[in-house]
Amino acid sequence: MDTASQTPLSLREVTKQYGSLTAVNAIDLEVDPGEFVVIVGPSGCGKSTTLRMIAGLEDITDGELYFGDELMNDIEPKDRNVAMVFQNYALYPHMSARRNMVFGINAGGESYPDDEIDERVSEAAATLGISDLLDRMPGQLSGGERQRVALGRALIRDPDVLLLDEPLANLDAKLRTEMRAELDQLHQEFGATTVYVTHNQTEAMTLGDRVVVLHDGEIQQVDPPQRLYDFPKNQFVAEFIGSPTINFLSASVSRTEGSYRIESSSRAGEFRMNLPPTDRLEDSLPEELIFGIRPEDLHLAETTDDTQAEPLSLTVNTTEPLGNSMLVYGTVGDREVKVQLDAHASVSVGETVSLVSDPDRVHLFDAETGDIRYHSARVPEPAPVDHSD
Ligand code: ADP
């Protein structure tokens, strides 16, 4: 099989309006040839609408969609050379797996000779591990096998752009994990420019070269997975990416002799910590900030003279053993805080423990806008990926 065409994809201020509802609001996105981009966000944030506009199944209200240099806004779906895989597989129940894969392959101006179609089917089926199942009807296949047929159907078309709409959502957890790894491998093999939609942040993190976080029809951040986790641009991204979710506490920052200290504000329980030396804090920080710290970045204070001034006092409400770690839920002042501790940490319900935060993993957000004001990560913040040319 030919390697997939590697077409860059470009959305410029793309907007979708359903009556007075703005489902997608002026999104800009450049997808490199062969790149695997995941769009993630909560239900109703505009993910499917975006995908359907790329496929041509929804009109674009405003803005421009390009495949390479070609403006696609008014091109019929059948003329776009996109393949789309849906959550519900969309297989014809009365056709065998093989017929489902090849059905319609010669529509839209394509004309493949029969022997080439056979070769494509055999190759895709072998890659997907469904060679023995091609004569079965969809009703005789498991969910995972059906989704493989649906993927095979997309891949044999050698699409310019492969669009996947929650393709693993109907599979059980174990199969989902397996298919995630397979999808990754398939992408390396076939290499089509891919846009994948999911509400599942784990899927987004494991599959995407880059991840687009969408909220209320607007892009919050586009970055490689690790960067999203390390350097979230706002509270929404910080909370959406990472599991268990990040903790937020109200805080303020004071400056004495060139060093900075975070202090709790009244109702968040008492704590204080020194920030690592930094030149990245602005003098004009707002008075009220939100201190963000991930559960895995909080640790039991080992000694009383810990350099962090005054540790957080967490009153333990519940402990959840996870096997490889222990998740502890408790309160700091009137705030709920989660902390992920060593699996064998001796912590019991009702007890108050002292916690210190990893000084390299602190985030401070503007309490009013939710935008990030400071990350303490000492690794150099990578330069943004430039997609302008
Ligand atoms: P997601 O895929 O992120 O769950 P969608 O793209 O399906 O979100 O929907 C985004 C918003 O647009 C939602 O508020 C949804 O109710 C609305 N919407 C989607 N399709 C239509 C439609 N055909 N008519 C009116 N509103 C729609």
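Tutor: Happy to! Keep in mind that this is a predicted model. The residues around the ligand are Tyr-18, Leu-21, Ala-23, Pro-42, Ser-43, Gly-44, Cys-45, Gly-46, Lys-47, Ser-48 and Thr-49.

Student: Which element gives the most to the shell around the ligand?

Tutor: Two elements each supply at least two residues: β2, spanning 21–31, and α1, spanning 47–55. The one that gives the most, with three residues, is α1.

Student: How far is an oxygen atom of the ligand from an N or O atom in the side chain of Lys-47?

Tutor: Let's set it beside two other contacts. A polar side-chain atom of Tyr-18 lies 3.3 Å from a nitrogen atom of the ligand. Cys-45 uses its backbone instead, with an N or O atom 3.1 Å from a ligand oxygen. For the side chain of Lys-47, the distance to a ligand oxygen is 2.9 Å.

Student: What share of the ligand's exposed area does the protein bury?

Tutor: Start from the ligand taken alone, which exposes 560 Å². Of that area, the protein buries 58%.

Student: Now the largest pocket: which element gives the most to its lining?

Tutor: This pocket has a volume of about 650 Å³. Its lining has 24 residues, and Val-82, Ala-83, Met-84, Arg-153 and Arg-157 lie nearest the centre. Both β6 (82–86) and α4 (143–155) supply at least two lining residues. The top contributor, with five residues, is β6.

Student: How many residues of that lining are charged?

Tutor: Among the residues nearest the centre are Arg-153 and Arg-157, and Arg counts as charged. Across the lining there are 15 nonpolar and three polar residues, and the number of charged ones is six.

Student: One last stop: which residue in the turn between β17 and β18 has a positive phi?

Tutor: β17 (residues 325–332) and β18 (residues 335–342) pair in the antiparallel sense over eight bridges. Within that pairing, Leu-327 stands opposite Gln-340 of β18. The two strands form a hairpin with two residues between them. In the turn, the residue with a positive phi, about 60°, is Gly-333.

How values were computed
Residues numbered from 1 in each chain as written. Predicted model: local features only at pLDDT ≥ 70, side-chain atom pairs only at ≥ 80, totals over all residues. Heavy atoms only, no water. Near = heavy atom within 4 Å. Polar contact = N/O pair within 3.5 Å; in protein donor to acceptor, adjacent residues only side chain to side chain. Areas by Shrake-Rupley, 256 points an atom, 1.4 Å probe, with all protein chains shown as cover. Helix = DSSP H or I, 4+ residues; strand = E, 2+ residues; numbered from the N terminus. Pairing = 2+ DSSP bridges. 1 Å grid on protein atoms, 1.4 Å probe; cavity = no way out; pocket = protein on both sides within 12 Å on 5 of 7 lines; lining within 4 Å. Points joined across faces, edges and corners; volume = space filled by probe spheres on them.
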